[in-house]
Amino acid sequence: TKRKTVHFTVLQEHLSTTRSIQCKGFADYVFYKYNGVDCSDSNSINKSLSHGSVTASNLKNYIKNNLSVGAHLRFSLIGYDEDGKQKNAGPHSIIITKITNTGISYYQANYGGRCLVTTDTKTWSQLSSWIYSVTNAWTL
């Protein structure tokens, strides 16, 4: 199996312009490589979903009506406090690789504190159990 290597110096040069690291830095870089432009105010959809609005149906509408393959989705993950109540567990970014009637597929980096790039597919219901709130997205 052949592997494609992202040379650190190329990634580092791009990150110096976006000022992002970790999952967002990776998503910014992939967005740039796929779309040919950086994530910026001009391609931000400037729409969010608050915690109380994150449902399978609302996520499906948000993504299908606003985003396309290659979009960068920025959101907060669901965590739980010591009483078992949901809380914001911190930000995460993904690049959408497929949108269907049942869910999405995506690239991500550093999920769970692991320095890995992974792909995954989630149904709309699984997404709503993973996402605390949506903070922004970039698309062309």
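Modeller: Start with the word helix. A helix here is a DSSP run of H or I with at least four residues, numbered from the N terminus. Keep in mind that this is a predicted model.

Colleague: Where is S128 found, then?

Modeller: S128 is in helix 4, which covers residues 124–128.

Colleague: What makes S128 buried or exposed?

Modeller: Buried means under 20% relative accessible area. S128 has 18%, so S128 is called buried.

Colleague: Which residues is S128 in contact with, leaving aside neighbours within four places in sequence?

Modeller: Contact means heavy atoms within 4.5 Å. By that rule S128 touches V54, T55, A56, L59 and I78.

Colleague: How many helices and strands does the protein have?

Modeller: There are four helices and five strands. Along the sequence they follow the pattern α-α-α-β-β-β-β-α-β.

Colleague: In what order do the strands form the sheet?

Modeller: The order is 4-3-2-1-5 in an open sheet of five strands, and the pairing is antiparallel.

Colleague: What makes strand 4 and strand 5 the edge strands?

Modeller: Each of them pairs on one side only. Neighbouring strands in this sheet are turned by 35 degrees against each other on average, direction ignored.

Colleague: How do you know that strand 1 and strand 5 pair?

Modeller: Two strands pair if DSSP finds at least two bridges between them. Strand 1 and strand 5 have six bridges, in the antiparallel sense. Within strand 5, W138 stands opposite H72.

Colleague: And how many bridges join strand 2 and strand 3?

Modeller: Five bridges, again with antiparallel pairing. K98 has S105 of strand 3 as its bridge partner.

Colleague: Which strands does helix 2 lie across?

Modeller: Helix 2 lies across strand 1, strand 2, strand 3, strand 4 and strand 5, at about 20 degrees to strand 2. Helix 3 lies across strand 1, strand 2, strand 3 and strand 5, and runs at about 10 degrees to strand 5.

Colleague: Why is strand 5 called mostly covered?

Modeller: Count its residues: seven of the eight are buried.

Colleague: What makes D28 and K24 a salt bridge?

Modeller: The rule asks for a side-chain nitrogen of Lys or Arg within 4 Å of a carboxyl oxygen of Asp or Glu. For D28 and K24 the N to O distance is 3.0 Å. That value is within the cut-off, so the pair is a salt bridge.

Colleague: Where do D28 and K24 lie?

Modeller: Both are in helix 2, residues 22–35, and they are four residues apart, about one turn of the helix.

Colleague: Are D28 and K24 buried or exposed?

Modeller: D28 has 2% relative accessible area, so D28 is buried. K24 has 19%, so K24 counts as buried too.

Colleague: How many salt bridges are there by this rule?

Modeller: The count is two. D120 forms a salt bridge with K122, with the closest N and O atoms 3.6 Å apart.

Colleague: Why is D120 called partly exposed?

Modeller: Partly exposed lies between the buried limit of under 20% and the exposed limit of over 50%. D120 has 33%, so D120 falls in between. K122 has 16%, so K122 is buried.

Colleague: What is the phi of N46?

Modeller: Phi of N46 is near 50 degrees, a positive value in a residue other than glycine. Most residues other than glycine have a negative phi. N46 sits in the loop between helix 2 and helix 3.

Colleague: Why is N46 called exposed?

Modeller: Exposed means over 50%. N46 has 58%, so N46 is exposed.

Colleague: Where is the place of N110?

Modeller: N110 is in the loop between strand 3 and strand 4. Phi of N110 is also positive, near 60 degrees.

Colleague: What part of the protein do buried residues make up?

Modeller: They make up 41% of the 140 residues. The accessible surface comes to about 8,200 Å², and 49% of this belongs to carbon and sulfur atoms.

Key. Residues numbered from 1 in each chain as written. Predicted model: local features only at pLDDT ≥ 70, side-chain atom pairs only at ≥ 80, totals over all residues. Heavy atoms only, no water. Helix = DSSP H or I, 4+ residues; strand = E, 2+ residues; numbered from the N terminus. Buried < 20%, exposed > 50% of the residue type's maximum accessible area, 1.4 Å probe, protein only. Axes fitted to C-alpha atoms, helices over the stretch in contact; angles between N-to-C directions. Areas by Shrake-Rupley, 256 points an atom, 1.4 Å probe, with all protein chains shown as cover.
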